[in-house]
Amino acid sequence: MNQIIKQLRLKLIESVPFLLACAVFLSVISLKSPLLLFCMLFGSLIAIVIHQVGQQLNLPKRWLILCQILAAALVLIVFWLDVLAFPAQAQFFGKAENFFKTTLTQGTANSGGSQQAVSLIFNVLRGIFLLYIAMSLVGVINAVRKDEDWQSVARTPLLVVVAVTIADVLTGFVIGDTSK
């Protein structure tokens, strides 16, 4: 009996750093995203319930693990759908769009229409860029499927993405902070 108590005490002492790390992790998550904390706790509860039900029904370990993985994936999918349900805020040339909205519409009587036109132009540019990336991705996937040199096919779109990203960063440097 004394031996068992010593072993349990040793395991508890060995687990203290892990438990402290878990406590810090959960506190950070609860401060940043209470929804993620709820999803983690709900997923843990589902895993425990599935384990208990699996033991009662004498399910094979393989099916038990598969059910737990599916439950965890379902909880994560629900979390990500909830997180991504907010409207997208375009980052690509966002500072340039704000600059042109404020600069081109100063002193005009129809500033609302001008701002809509500027937004339309930038959204069309973003759409063209996304279509180019999608078409290039299809080309890269086809090259991989045909066992061709996919790296040479992917090089040009990658250079375009890098160039546009650098142009966006440099535009932010030139324009400065437009939120003032």
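Is lysine 101 buried, partly exposed or exposed, and what is its relative accessibility? Lysine 101 is partly exposed, at 22% relative accessibility (buried means under 20% relative accessible area, exposed over 50%, partly exposed in between, with a 1.4 Å probe and protein chains only).

## Basis

This is a predicted model, in which local features need pLDDT of at least 70 and side-chain atom pairs count only at pLDDT 80 or more, while totals for chains, interfaces and linings use all residues. Residues are numbered from 1 along each chain as its sequence is written, and side-chain values use heavy atoms, leaving out hydrogens and water.

## Salt bridges

There are two salt bridges (a side-chain nitrogen of Lys or Arg within 4 Å of a carboxyl oxygen of Asp or Glu). One joins lysine 101 to glutamate 97 at 3.6 Å, N to O. These two residues are four apart in helix H4 (residues 94-104), so about one helical turn separates them. Helices are DSSP runs of H or I with at least four residues, numbered from the N terminus.

The other salt bridge joins arginine 126 to glutamate 97 at 2.7 Å, N to O. Arginine 126 lies in helix H5 (residues 111-145) and glutamate 97 in helix H4, so the pair ties together parts 29 residues apart in sequence. Both arginine 126 and glutamate 97 are buried. Shared partners join Glu97, Lys101 and Arg126 into one network.

## Helix H6

Helix H6 (residues 150-175) has 26 residues. A bend of about 25° occurs at threonine 156, and proline 157 follows within four residues (the bend is the angle between axes fitted to the seven residues ending there and the seven starting there). Buried residues in H6 include Ala154, Pro157 and Val164. Just after H6, glycine 176 has a positive phi of about 85°.

Conventions
The expected span of a helix is 1.5 Å times one less than its number of residues.
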